[in-house]
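Please look over the sequence and structure before reading the points below.

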Amino acid sequence: MKITIENFGPINKFEIDLSKNISLIYGKNNIGKSYAISVVYMLLKSFPMITKKSDLEFAIQRYTAFIREPQHLYQSGTVVSGSELLLSSVRAVLEYLMNDWIRDNFILYLKSSYGDLKNVKNALTPNPGLINVDSKTLQFSFHLFENLSEGGKVGQFLINKESIKNIDLSNENPESLSYKILTDFFREVRLYTTSFHYIPAVRSGYYLGLSNLGSIIAKINQYQGVIGSQSFTLPNTTVPVSDFYSTISNKLAFTSADEYNYKSVVDKIEQNILKGTVQIDKESGRILYFSNELKRTFDLSQVSSMVSELSIITAYLKFIIWDHVSLDQLDGEPSMSVGVFPTLFIEEPESHLHPEAQIKLMEYFVELAKMGLKIIMTTHSDYMSNKMGNLILAGKIEANNTGSYLLEKKKEGTACSKRKMRATDEGIEDANFHSAIEKLYKERIKLNDKYYGRIDRANKKS
């Protein structure tokens, strides 16, 4: 499935292929990397969890009663086939359903994250905000209205002809064909919406700060009667950050350490980078760090920034993210189960890591991707980018399973480069970091010339 964002926030155009095993997103500060993956995350979160045949059939039956045959197919002199009428009716059903399922949720998430919808629209262009979803079965778009206070609409449906080529349309009606198309669509959607997680940048700051704030809010609530009408302004966070905190502050989200499925990779992270193990306090649900060297257990507020940042990532891999999730098939009530691998959105996993640790972590991420965990990450690390390129060149992961996206500033906002830093069989050519390195190198040469010039002049005077 591909998702394309146009004219949202700082973004003019950003496209990502969710089918890639691992995706890296590069770009300068304040260019929209986190914004892009946050919008993708919130869109995926907006899809309903349809897993049962009866739920889907009921939803379709509810709406087919309101469908009217499209009038544009009856223009004077127009010859319309039965299949054209059928597909037009099906598209009408799909439009009703998708607007009911997706629109209100998505608009709510955007407002919760960015306030007024005026903050969502790209101010650098008059073109409307648009998100395109391109699946194997359907293509459709979400449009922001010109009157932003009214939100947006899902529309412009196209049915992939390849997906219905083996269906005898003469034996179908709008309800039956809608069901077959949506069954295939939700089978694909569930791959990306059943189990997905978001770990933000400065994760330890959020974790420690909001953990402490939570206890303060609890105390305030105990004295509501005394406080009276006094109001308090609490910090605003985006939906992905709120989801992160809701997950990591819920001790029920942490499973037994004996049950986690990425053990081989987690062991490497703990032994080779953290030099200790990540644990969970059973009473409080707090994340703890045990130092192999000191033989002591510490709260994350007591350790280095590297340990606290990486411990949170490790806690997700060790206790929260399962290697697959089993779901009921749409064809049964219930029937056989299907395995769905999770997706992890993560901002700047290299935060506070020494370059050697960054390189190791990139290697371990590729191992996780090969085990089925899809990883979508933003990064400012040339070490991680170069290591990714080397792993492709070494055959550790295929280029066509790797997403590599460079966001650049354009006149009408941020856009993905069509060719720079794309993953090929030869690796990933650096088009993001080398200019800064080259600038430093040239500066050093000039300073060296001045330095040795002064030395020469001093020697001549003496």
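The model is predicted. The count of aromatic pairs comes to 16, and that of salt bridges to 14. Helix α7 is mostly covered, whereas a patch of positive charge and a nonpolar patch lie on the surface.

**Aromatic pairs and cluster**

- There are 16 aromatic pairs in the model. One of them joins Phe 106 and Phe 142: the ring centres are 4.9 Å apart and the planes stand at 85°, so the geometry is edge-to-face, since an angle over 60 degrees falls in that class.
- Phe 106 belongs to helix α3 (residues 82-114) and Phe 142 to strand β5 (residues 138-144), so their contact ties together parts that are 36 residues apart in sequence.
- Phe 106 is buried, with a relative accessible area of 0%. Phe 142 is also buried, with a value of 3%; the limit for this class is under 20%.
- Tyr 451 and Tyr 452 make another edge-to-face pair, because their ring centres are 5.1 Å apart and their planes are at 75°.
- Tyr 451 is partly exposed, at 40% relative accessibility. Tyr 452 is found in helix α12.
- One aromatic cluster is formed by Phe 47, Trp 101, Phe 140, Phe 157, Phe 185 and Phe 186.

**Salt bridges**

- The number of salt bridges is 14.
- Arg 103 and Asp 104 form one of them, with 3.5 Å between the closest N and O atoms. Arg 103 is partly exposed, at 28% relative accessibility.
- Asp 299 and Arg 286 are joined by a salt bridge with an N to O distance of 3.1 Å. Asp 299 lies in strand β10 (residues 296-299) and Arg 286 in the loop between β8 (276-280) and β9 (287-291), so the pair ties together parts that are 13 residues apart in sequence.
- In that pair, Asp 299 is buried, with a relative accessible area of 15%, while Arg 286 is partly exposed, at 21%.
- Lys 410 and Glu 408 also meet in a salt bridge, at 3.7 Å from N to O. Lys 410 is partly exposed, with a relative accessible area of 45%, whereas Glu 408 counts as buried at 17%.
- Both residues belong to a network of salt bridges that links Glu 408, Lys 410 and Lys 420.

**Helix α7**

- Which residues of α7 are buried? They are Val 239, Pro 240, Val 241, Asp 243, Phe 244, Tyr 245 and Ile 248.
- These make up 7 of the 10 residues of the helix, which spans residues 239-248 and is mostly covered.
- Ser 246 is also placed in helix α7. Ser 246 is partly exposed, with a relative accessibility of 45%.
- The C-alpha atom of Ser 246 is separated by 10.0 Å from that of Tyr 207, and the two residues are 39 residues apart along the chain.

- Which residues gather in the patch of positive charge on the surface? The patch holds Lys 446, Lys 450, Arg 454, Arg 457, Lys 460 and Lys 461.
- Lys 450 lies in helix α12, which covers residues 434-461. Lys 450 counts as exposed, because its relative accessibility is 54% and the class begins over 50%.
- An α-helix has 3.6 residues a turn, so residues three or four places apart point the same way.
- A nonpolar patch on the surface is formed by Tyr 451, Tyr 452 and Ile 455, which together have about 310 Å² of accessible area.
- Tyr 451 and Tyr 452 of this nonpolar patch are also the edge-to-face pair with planes at 75°.

**Loop between α3 and β4**

- Where does Pro 128 lie? Pro 128 is in the loop between α3 and β4 (130-134).
- At 46% relative accessibility, Pro 128 is partly exposed.
- The C-alpha atoms of Pro 128 and His 143 are separated by 7.1 Å, although the two residues are 15 residues apart along the chain.

Methods: Residues numbered from 1 in each chain as written. Predicted model: local features only at pLDDT ≥ 70, side-chain atom pairs only at ≥ 80, totals over all residues. Heavy atoms only, no water. Phe/Tyr/Trp six-rings, centres within 6.5 Å; stacked < 30°, edge-to-face > 60°. Helix = DSSP H or I, 4+ residues; strand = E, 2+ residues; numbered from the N terminus. Buried < 20%, exposed > 50% of the residue type's maximum accessible area, 1.4 Å probe, protein only. Patch = residues over 30% accessible without salt bridge, like charges linked within 9 Å, V, L, I, M, F, W, Y side chains within 5 Å. Areas by Shrake-Rupley, 256 points an atom, 1.4 Å probe, with all protein chains shown as cover. Salt bridge = Lys/Arg side-chain N within 4 Å of Asp/Glu carboxyl O. Lys, Arg positive; Asp, Glu negative; His and termini not counted. Charge placed at Lys NZ, Arg CZ, Asp CG, Glu CD.
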